[in-house]
Amino acid sequence: MLKKIPKWNLVLVLTLVAEIIIFGLINPRFWNVNILLNSFNDFTGIAIIGFFVTFVIITGGIDISGGSIIGLTSVVTGILSQVAGLNIWLSVLLAIIVGGLCGLLNGILIAYAGVQAMIITLGGMLLYGGVAIVLVGLSGASTYEGISGFSQQFINLTNGKLMGIPHSVILFVVMLFISYVLLHWTRYGRYIYSTGINQNAADYSGIDTRKIITSTYVLSGLSAGIAGVMLTSYLGSARADFGSEYLMPILTAVVLGGTLITGGKGGVIGTALASIIVGFLKLGLQMGGMQTQYIGLAIGLLLIISVSFLGVPEFRSNVRRLLKR
Amino acid sequence: MPKLIGITKHREFRTVIFLVLIFLLVGIVNSGFISPGNIDNAVKSSLLYIVLAVGMTFVLLTGNIDISVGGVLGLSAAVSGTILRDGGSVLIAVIAAIGIGVLIGVINGLGVTKLKISAFIMTLGMNEIIRVIQVIYTDGQWVENLPTHFKQLSQMKIFGVNTLAIFVIIAVVLVHLYLSKSQKGRYFAAIGDNEDGAVLVGISVNKVKILSFVISSVCASLAGLVFVSQIGFISTTAGAGIEMTVIAAAVLGGVSLSGGVGSVIGAAIGAIIMSSINSALVFLKVPAFWNNAISGSLLIIIVVTDVLIARRANNKAKKERLNARVLSVHGEGVKLEC
């Protein structure tokens with residue numbers, strides 16, 4: 001049974017357990033389950049995007065436009081519901097679709113025009129973030145305060161609880177389940193891996209790799225849309241710069257989760273564990289009295305160390321030997 | 001080979017045409033835009049981006065990427081700014097800035113070559129770390145009250161043209177000659193074009209890669225000095241997000257992210273385009289919030305057109321080669337029969 005679980009995920013679980021024990025010893029309040037569950041609010045957005053960016057990275061691409069799509073969908077939700085006066089749930093749906101369309105544009109240009117993913121999503125990052133700012137500017141709302149005045153129903157979407165469990169935790173689990181099923185239990189998931197391992201071979205074996213690649217960007221865009229709506233509801237206002245700091249945490253979650261940046265290998269369970277580790281790390285360091293602005297140092301180091309850990313073969317064989325003992 | 005050089009020349013030519021078009025079109029709407037005063041201003045405000053884009057080109061040529069330039073710019077600006085504020089000499093400030101650049105460049109380079117971390121992840125993590133170091137160093141404060149003599153360095157003029165601009169332009173031309181004409185300079189593009197081939201030819205690939213990161217970081221720290229001199233104060237977020245603009249500028253100028261193709265002159269022109277979009281919008285009386293949307297869509301449109309044009313040329317060349325081969329085989333066949 002243990003053998004079936006990828007080694008790296010085991011390391012991640014051990015890290016998570018160690019983290020909870022250590023931070024709990026520093027500050028016993030850390031062992032309060034409610035505080036831990038509530039902290040999901042801060043990183044569920046990162047994790048949701050991370051799941052589907054994992055898809056993109058497995059195919060050998062990269063998507064850095066997620067953060068900007070968050071801002072765009074947040075603004076679209078705000079403008080449609082508050083300025084245009086549409087039903088809130090309809091505007092949420094439309095905003096998520098806008099996120100998907102952004103992903104579709106990325107995907108088509110990358111898969112069919114054959115431009116590098118990095119360039120297109122960089123352009124997309126500027127473009128979608130820019131469109132969000134333009135929309136705010138045209139709607140006449142203040143850029144700094146954003147659009148607020150959402151109904152309590154919408155605010156409760158993420159701030160509410162179901163049987164004591166915060167909605168954001170439920171959203172996290174549901175999205176994890178969806179992405180896990182898609183990636184590991186369906187033919188589509190196998191196609192994603194084959195595309196990432198060798199795109200030419202996949203093409204010759206009859207997989208429409210262009211369609212597969214495009215679809216991963218669409219999923220990543222949709223997930224960014226969901227994260228954008230979630231963040232809008234959580235913070236009770238719509239702003240264009242939501243998510244501008246998300247690039248680094250998303251990629252950290254994916255890469256720390258054991259997904260190879262060159263494609264072909266990885267999984268969403270790792271991404272989920274890694275995003276929880278990073279989220280708890282932030283919470284624990286804050287509760288341990290560390291200032292928020294220094295936390296980037298820990299996360300940056302974690303990113304580099306984990307990647308060198310995964311990338312260098314000697315490192316990996318050492319870990320394997322340690323685990324076998 | 002001459003054909004390849006012809007294509008790159010062609011690419012820069014298009015970038016220049018594009019730049020001239022921007023200036024002409026905006027100039028038609030508002031003639032103030034093409035006045036010598038504004039062109040001088042446009043060059044002056046793009047100096048920072050040009051310096052960064054030149055350094056970035058080295059890394060991009062080898063097929064890597066450097067996200068940490070924004071952080072390096074901020075840290076070197078903060079450190080040298082503090083030295084200047086506390087009465088240190090300009091020379092010490094410059095040495096400190098370059099030292100920071102070399103150190104971070106070496107760390108980046110070692111991480112990418114020895115630890116085999118992908119350049120994107122390595123420099124992204126590095127960027128985050130450097131930012132925190134800057135906050136720790138400045139204690140979260142802005143660096144202000146810089147001596148006026150340093151601020152005036154960027155305002156000096158010779159024959160009515162900004163001295164710094166002349167200096168940077170000469171440097172760009174020299175670097176271009178180094179990269180395109182000298183043997184060592186060609187190594188950078190060779191590695192990006194075909195790394196295994198470069199190893200077989202006897203290039204010490206790792207050394208050149210580390211060197212490229214060092215050059216990029218040193219350029220970023222020099223840009224930090226330009227920043228100190230031009231802006232006059234350093235916030236804790238100085239240079240945040242500038243790396244994406246610089247990469248976009250280099251790509252606009254025809255530098256390929258997959259390595260091997262591009263020139264510093266193209267990157268420099270790309271930098272001028274990116275920074276003049278800002279002032280063009282002011283002259284067109286378009287609200288400033290359009291800035292990112294316009295530069296993003298410009299980047300996408302230009303790159304996609306470029307790739308499509310290149311692909312068409314490639315297909316044509318392939319067809320010609322195939323035809324030539326088929327014909328030559330026929331020729332041999334005829335000979336054998338004889």
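Here are a few notes on this two-chain model, starting with chain A and moving on to where chains A and B meet.

1. First, some housekeeping. This is a predicted model, so local features need pLDDT of at least 70 and side-chain atom pairs pLDDT 80 or more, while totals for chains, interfaces and linings use all residues. Residues are numbered from 1 along each chain as its sequence is written, with chains lettered from A and ligands numbered from 1 in the order in which they are written.

2. Chain A has 15 helices and 4 strands (DSSP runs of H or I, at least four residues, and of E, at least two, numbered from the N terminus). Its C-alpha atoms fill a box of roughly 65 × 55 × 35 Å along the principal axes.

3. How buried is chain A? Of its 325 residues, 52% count as buried, meaning that 20 or more other C-beta atoms, placed from the backbone, lie within 10 Å of a residue's own.

4. On to the contact between the chains: 38 residues of chain A are in contact with 39 of chain B, where contact means C-beta atoms, placed from the backbone, within 7 Å. On the chain A side, the elements giving two or more residues are α6 (117-139), α12 (247-256) and α14 (295-311). α6(A) gives the most, with 15 residues.

5. That side of chain A divides into 25 nonpolar, 13 polar and no charged residues. Here Ala, Val, Leu, Ile, Met, Phe, Trp, Tyr, Cys and Pro count as nonpolar, Asp, Glu, Lys and Arg as charged, and the others, Gly among them, as polar.

6. Within chain B, A268(B) touches I50(B), A53(B), V54(B), V172(B) and G253(B), leaving aside residues up to four places away in sequence.

How values were computed
A residue is buried if 20 or more other C-beta atoms lie within 10 Å of its own, exposed if 12 or fewer, and partly exposed in between; C-beta atoms are placed from the backbone.
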